[in-house]
Amino acid sequence: MSSEMYQSPMEVAVYQLHNFSISFFSSLLGGDVVSVKLDNSASGATVVAIDNKIEQAMDLVKNHLMYAVREEVEILKEQIKELVEKNSQLERENSLLKTLASPEQLEKFESQLSPEEQTTAVATNSPEQDAGSAV
């Protein structure tokens, strides 16, 4: 069907968009491109068939996206688990180093830190660690 039978640019655009949609979704479904007339002679069955194909294509796209998202979520969960384990290990090492360091070493270390880092270091220095280093 040619676009000459349409009067306005809007009708031509709708016709072209419709043909693109049918071609795109048909290619997704692996079927042949269905030619459909957009005039008043189009039967209800044809419209329903097109709607069903479009719905199938949308379901296919949705399933593909859901699979991809689930896969990405699993990867991110694993990365989070690894980072939590590494963080725990580093916190244990930090705690051990603090307990083994002399007060002079701690003062020297804290004097080398930027003001931002000093605030963080003071905040992480718990009373238990102070008591442990005083013994």
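Colleague: Taking relative accessibility as the guide, does Glu 74 count as buried, partly exposed or exposed, and what is its value?

Modeller: At 48% relative accessibility, Glu 74 counts as partly exposed, where buried means under 20% relative accessible area, exposed means over 50%, and partly exposed is what falls in between (1.4 Å probe, protein chains only). Residues are numbered from 1 along each chain as its sequence is written. Since this is a predicted model, local features need pLDDT of at least 70 and side-chain atom pairs count only at pLDDT 80 or more, while totals for chains, interfaces and linings use all residues, and side-chain values use heavy atoms, with hydrogens and water left out.

Glu 74 forms a salt bridge with Lys 77, with 3.9 Å between the closest N and O atoms; the term requires a side-chain nitrogen of Lys or Arg within 4 Å of a carboxyl oxygen of Asp or Glu, and by this rule the count comes to one salt bridge. Both Glu 74 and Lys 77 lie in helix α2 (residues 44-100), three residues apart, about one turn of the helix.

As for the setting, the protein has five helices and zero strands, these being DSSP runs (H or I, at least four residues, for helices; E, at least two, for strands) numbered from the N terminus. Buried residues make up 10% of the 135 residues in the protein.

Among the elements, helix α2 has the highest mean pLDDT (92), whereas helix α5 (residues 127-134) has the lowest (46). Over residues 127-135 the pLDDT is below 50, and this stretch has four contacts in the model beyond near neighbours in sequence, a contact meaning heavy atoms within 4.5 Å. Where pLDDT is low, the predicted coordinates should not be read in detail.

Conventions: pLDDT is the predictor's confidence in each residue, from 0 to 100.
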